Amino acid sequence: MGTPEILCVSKLPPFLMSDLQDHFQIHDHEHITDPGALGRIRAIVGGGESKIDKKLLSLFPAVEMVSIFGVGYDGVDTDKKRRFLTL
């Protein structure tokens, strides 16, 4: 198993992007060049203005986590997100 892969859906502060790059393979949502990555991306990360809807989530079947750097998660489709929550 290689380095975990994540999708970045917005511009993040340099200090955060640097830390992420140290631990993950980062894919930019606008420039995915490897179609196979869609099935390997395990997390989506973005800023508070990010829009993560059902259509976007459906492209990434292996996603286990959505992380928003900012206040709130208004842009995240909460119905689809529930598949990540376990009690």
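1. Two strands are said to pair if DSSP finds at least two bridges between them, a strand being a DSSP run of E with at least two residues and a helix a run of H or I with at least four, numbered from the N terminus. In β4, the residue F69 is the bridge partner of G47, and strand β3 (residues 41-47) pairs with β4 in the parallel sense over five bridges.

2. This is a predicted model, in which local features need pLDDT of at least 70 and side-chain atom pairs count only at pLDDT 80 or more, while totals for chains, interfaces and linings use all residues. Residues are numbered from 1 along each chain as its sequence is written, and side-chain values use heavy atoms, with hydrogens and water left out.

3. The open sheet is formed by four strands in the order β2-β1-β3-β4, with parallel pairing. Because β2 (25-28) and β4 (65-69) stand at the edges and each has a single partner strand, one side of each is left without a neighbour in the sheet. From one strand to the next, the twist averages 25°, where angles run from 0 to 180 degrees between the N-to-C directions of lines fitted to C-alpha atoms, for helices over the stretch in contact.

4. Helix α1 (residues 14-23) packs on the sheet and touches β1 (5-8), β2, β3 and β4, contact meaning heavy atoms within 4.5 Å. The direction of α1 makes about 125° with that of β2.

5. E5, which lies in strand β1, has a relative accessible area of 8% and is buried, a word that means under 20%. Leaving aside residues up to four places away in sequence, E5 touches several residues, including Q25, H27 and R40.

Terms used
Buried means under 20% relative accessible area, exposed over 50%, partly exposed in between (1.4 Å probe, protein chains only).
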